[in-house]
Amino acid sequence: MRYTDQPSLPEWIQAAYETLETAYTSETDELAREAAHEFLLTEAEQIETDADATYVLDRLLDRGWLYEVNGQLRKTD
């Protein structure tokens, strides 16, 4: 879990993040937002709709778990 002064993210969003982390490989440290969205829809058990995937990505960006550069999502370490 990331340290912030905000409350932690709900467990289902953290689980979705852990699933999303598997999409990042040693060859790349970024994913297109659209690719991340599709990956969540197909791989994350807790994501059932487009709105769920969008919500997860938005929360991860808002809380600093991910950051976006030119449409590419990168993990913060």
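**Exercise 1. The nonpolar core**

Determine how many residues the largest nonpolar core holds, and which of them have the most contacts inside it.

*Solution.* Step 1: in this predicted model, the largest nonpolar core contains 19 residues. Step 2: the residues with the most contacts inside the core are L20, L40, I47, V56, L57, L60 and L66. Step 3: the helices α1 (11-21), α2 (33-43) and α3 (50-62) each contribute at least two residues to this core.

**Exercise 2. The surroundings of L57**

State which residues are in contact with L57 when its neighbours within four places in sequence are left aside.

*Solution.* Step 1: contact requires heavy atoms within 4.5 Å. Step 2: with those sequence neighbours set aside, L57 touches L20, R33, A36, H37, L40, L66 and L73.

**Exercise 3. The buried side of α1**

Identify the buried residues of α1, and find the elements against which they pack.

*Solution.* Step 1: a residue is buried when its relative accessible area is under 20%. Step 2: in α1, the residues that are buried are I13, Q14, A16, Y17, T19 and L20. Step 3: these buried residues pack against β1 (30-32), α2, α3, β2 (66-69) and β3 (72-75). Step 4: for the spacing of such positions, note that an α-helix has 3.6 residues a turn, so residues three or four places apart point the same way.

**Exercise 4. The position of E34**

*Solution.* Step 1: E34 is located in helix α2.

**Exercise 5. The chain as a whole**

Describe the order of helices and strands, and compare the radius of gyration with that of a compact globule.

*Solution.* Step 1: the protein chain has three helices and three strands, arranged along the sequence as α-β-α-α-β-β. Step 2: a compact globule of 77 residues would have a radius of gyration near 11 Å; the value for the protein chain is 12 Å, which agrees. Step 3: of the 77 residues, 29% are buried. Step 4: among contacts between residues at least 6 apart in sequence, 55% join residues at least 24 apart.

Note on methods:
Residues numbered from 1 in each chain as written. Predicted model: local features only at pLDDT ≥ 70, side-chain atom pairs only at ≥ 80, totals over all residues. Heavy atoms only, no water. Helix = DSSP H or I, 4+ residues; strand = E, 2+ residues; numbered from the N terminus. Rg over C-alpha atoms; globule rule 2.2 N^0.38 Å. Buried < 20%, exposed > 50% of the residue type's maximum accessible area, 1.4 Å probe, protein only. Core = buried A, V, L, I, M, F, W, Y, C linked by side-chain atoms within 4.5 Å.
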